[in-house]
Amino acid sequence: MLITIDDVLTPNELAEARRLLADSPWISGRVTAGTQAAQVKNNQQLPEDAPHLPVLRRLVLGALQRNALFFTAALPLKILPPFFNRYGGDANHYGFHVDNAMRLLPDGSGYVRADVSATLFLSDPQTYDGGELVIDDTFGRHSIKLKAGSMVVYPSSSVHQVMPVTRGERVACFMFMQSMVRDPGRRRLLYEMDMALLQLRQTLGETDAVVSLTGTYHNLLRQWAES
Ligand code: NI
């Protein structure tokens, strides 16, 4: 299941993120890739010791925290601190790969299992050519290029790539998270049920059936969630 969420960042947050990123150092993106991924990864990334990284991470995590659609789509349990990358010039693409399953926290305190990946686009799509995120899932191949401040959420288990950027620069934030619900099929059912319930609540109000189905949603989540 692949979900796009518009306007995760406010215009002010987007401007602030861009200002901080323009004033940041970049290094080769291979540092966080696994052995297979490193062979096809050719982009740049903000290093862990970049001075603005803590502020940038707080900004993105704060935006995620207030986003109800993100919560119901990902059911996040642990979110690895967000990373930032840049594609352009000679470092302009990332070939087909699957994200590493286990990610060490930057402070070395433990692992996060990557169930859900997300890319938050930070560059205006008109300012660069290429750079589509191409995701293969059970429903086919999807090519994604979103407006700045919007995000795509997809299963970490999918094979994906970033197409070469042939003009301009594509700057983005990418994230890995462990979901309370490990199985993507179950996550999908819960998401679809929650979205249908939202619609029913808007059109019918809190009828007995809506209340009952809402209870079923939570009871399913109780069955499937790990914390
Ligand atoms: Ni990836």
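At roughly what angle do the axes of helix 1 and helix 3 cross? The axes of helix 1 (residues 11–22) and helix 3 (residues 53–65) come within 10 Å and cross at roughly 160 degrees. This is a predicted model, in which local features need pLDDT of at least 70 and side-chain atom pairs count only at pLDDT 80 or more, while totals for chains, interfaces and linings use all residues. Residues are numbered from 1 along each chain as its sequence is written, and side-chain values use heavy atoms, with hydrogens and water left out.

**Terms for helices and strands**
- Helices (H or I, at least four residues) and strands (E, at least two) are DSSP runs, numbered from the N terminus.
- Axes are lines fitted to C-alpha atoms, for helices over the stretch in contact, and angles run from 0 to 180 degrees between N-to-C directions.

**Helix 1 and helix 3**
- The crossing angle of roughly 160 degrees makes helix 1 roughly antiparallel to helix 3 (angles over 145 degrees count as such).
- Glu13, Glu16, Ala17, Leu20 and Leu21 of helix 1 meet Val55, Leu56, Leu59 and Ala63 of helix 3 (contact means heavy atoms within 4.5 Å).

**The sheet**
- Five strands form an open sheet in the order 3-7-15-12-13, with antiparallel pairing (two strands pair if DSSP finds at least two bridges between them).
- Strand 12 (residues 133–137) and strand 15 (residues 159–162) pair over four bridges, and isoleucine 135 has histidine 160 of strand 15 as its bridge partner.

**Domains**
- The domain assignment, from an automatic or database source, gives domain 1 (3–179) and domain 2 (184–224).
- The domain centres, taken over C-alpha atoms, are separated by 30 Å.

Notes
Parallel < 35°, antiparallel > 145°, perpendicular 65-115°, else oblique.
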